[in-house]
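Have the sequence and the 3D view open as you read.

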Amino acid sequence: MRINPKKCVACGNCTYVCPMGAIYIDPVMKRATIDRDECVECYTCFNGLSQEHLPPTLVRTVRTVFAALRIRFEPEPDVCPTAAFEPDELVWPRVVRRAFSDPRVPHESTGVEGRGTEEVKTNDVTGRVGPGDVGFTIELGRPGIGVRFYEIQEMCRALAAAGVAFEVKNPITSLMSDVATGTIRDDILGEKVLSAIVEIKVPVARAEEIVHLVWDVEQRLDTVVSIGAGVRCDERGQDTVVAPILERLGYRLERAKTNMGLGRRGEAVPVPEREMVST
Amino acid sequence: MTNTLHRFGSAESFQDDFIVFAMACKGPYKQANALDGLRRFLQIALEYHPVNLGDARHGGAIRPTRRMNPLAHWTRNNDPDFQAVVDGLTDVTTCAAVFDSREAAEQFVKRIKDENLGLSVNVSTSIQGAEDCCEHAGIPRHSVGYSLGFEGKTEKMPNSQVMLLSTMCGHGMISHSLAKKMIDFVKENRRTPEQAAATLSRFCSCGVFNPARAKRILDDARTKTT
């Protein structure tokens, strides 16, 4: 993303809407400026701000006069008055920033929007997480902090060393140069994204061990982590196995995403053995 | 996409937050006529008075505009346009309906079950709230994805009022700074909670933001410090 300096009037509205805080008014240029290293190409500024198409010179003049009189014009806070944002043509490796940060863009590897994962949301159709399994989603960078791939790799390598299976239909897995070690391709390690989800599946017996492992890696990362734990309920719709483990680990289970079991399979035959990559 | 799972707050704070979403899976299990099913899902939702509606490609019922009339600063329309969401659905994607009442969510889920659309349907709310929806519909829960909250470098996160608002977009499109700004605007009486909630809603790219809950949070934040 870039801001056209000929259009920008330095109103400052965009500085608040950037989830990474990467936009600021340059005091010398007197224009909004993007810190490209911090920008994750989420397009929030471009997609979320409403756009007026006012003449920049007129707006700057009005703002200058008002400022001299200490009068504050109070426009709507979610408007770019001159439509100054202009998307760049992104090339590799920067393009992965947008793929992981702009939820309107489906991930090429999975065809799914958002962070590119289906988790247990389609478990009634895919059977991805079965009885006796726990499907962990380990999301790094959320909320509003961001993460670089070298930090994601640190988590992946620790999980791989523990011998877990990474979900194949997951954008992070598709970017690994070596799934067996959880190594992510070199050329993107410095790229920053809004958040990314590492997805694994383990037997219930390993759930506690995995949580402890994630806790350990978290201490070495400079970002936040949110864990989701997906389970298959019994025939009565109950989970009497995993919830007690999580509560014993100290988690207060407040919120969940509950699959109602209403999905139906299409006619094609699934190939379950290719669902996960085992290390 | 865990965009509805990790909302900040206690189970009690989700009393007015029920997201029901439908999706068709990809790959070898792909369902035929999924687009028709998703459109039907959205149409039925309208009968149960949602507070937001959306699809993951085009956004929610309160959207930004690409060519705003300057006079709109004084006459901004903050009303959701639900029909635009239904009419704008062009691709198979995730569709969501957000309700601020348990009764509406329960009745909607039961109706969706009876319609037998063949789509995967999930409810994202408190664990008990989702169990109640299933019980009302007469179906056992199939699977559950628990949120274990936020950990790691949590000192980088803002205060709880900001978190309550900004995490209502799990994709991270609602910045902490904008949420804080809207709280300040309401405190200073420069915007009403309804106006501030609508401003935040426009940044949610899939329509799962709950403007009714946001209004309540903003109203509370007017007199509370954290």
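Helices (DSSP runs of H or I, at least four residues) and strands (runs of E, at least two) are numbered from the N terminus. What you see is a predicted model, so a local feature needs pLDDT of at least 70 and side-chain atom pairs count only at pLDDT 80 or more, while totals for chains, interfaces and linings use all residues. Residues are numbered from 1 along each chain as its sequence is written, and chains are lettered from A and ligands numbered from 1 in the order in which they are written.

**A loop in chain B**

Start with B:Asn116, in the loop between helix H3 (102-115) and strand S4 (120-126) of chain B. B:Asn116 is not a glycine, yet has a positive phi of about 55 degrees.

**Chain B as a whole**

Chain B has eight helices and five strands. The C-alpha trace of chain B spans about 50 × 40 × 30 Å along its principal axes. For 226 residues, a compact globule would have a radius of gyration near 17 Å, and the 18 Å of chain B agrees with that. Here the radius of gyration is taken over C-alpha atoms, and the globule rule is 2.2 Å times the number of residues to the power 0.38.

**Helices that pack in chain B**

Now look at H6(B) (residues 176-187) and H7(B), which pack at an angle of about 165 degrees with their axes 9 Å apart. Axes are lines fitted to C-alpha atoms, for helices over the stretch in contact, and angles run from 0 to 180 degrees between N-to-C directions. H6(B) and H7(B) are therefore roughly antiparallel; angles under 35 degrees count as roughly parallel, over 145 as roughly antiparallel, 65 to 115 as roughly perpendicular and the rest as oblique. On the H6(B) side, the contact includes B:Leu178 and B:Phe185, and on the H7(B) side B:Ala196 and B:Leu200. Two residues are in contact if their C-beta atoms, placed from the backbone, lie within 7 Å.

H7(B) (residues 193-201) also meets H8(B) (residues 211-221): their axes come within 8 Å and cross at roughly 130 degrees. That pair is therefore oblique. Among the residues that meet here are B:Ala197 in H7(B) and B:Leu218 in H8(B).

**Where the chains touch**

The contact between the chains takes 87 residues from chain A and 79 residues from chain B. Which strand gives the most to the side of chain A that touches chain B? S14(A) does, with nine residues. S14(A) runs antiparallel to S5(B) (residues 143-152), and eight bridges join them. Strands pair if DSSP finds at least two bridges between them. In this pairing, A:Val231 stands opposite B:Val144.

A:Ile25 has A:Ala32 as its bridge partner. The two strands form a hairpin with four residues between them, and A:Lys30 in the turn has a positive phi of about 60 degrees.

| Cis peptide bond | Omega |
|---|---|
| A:Trp92 to A:Pro93 | near 5 degrees |
| A:Arg142 to A:Pro143 | about 5 degrees |

A:Pro93 is in the loop between S6 (85-86) and H4 (95-101) of chain A, and A:Pro143 is in the loop between S7 and S8 (147-148) of chain A.
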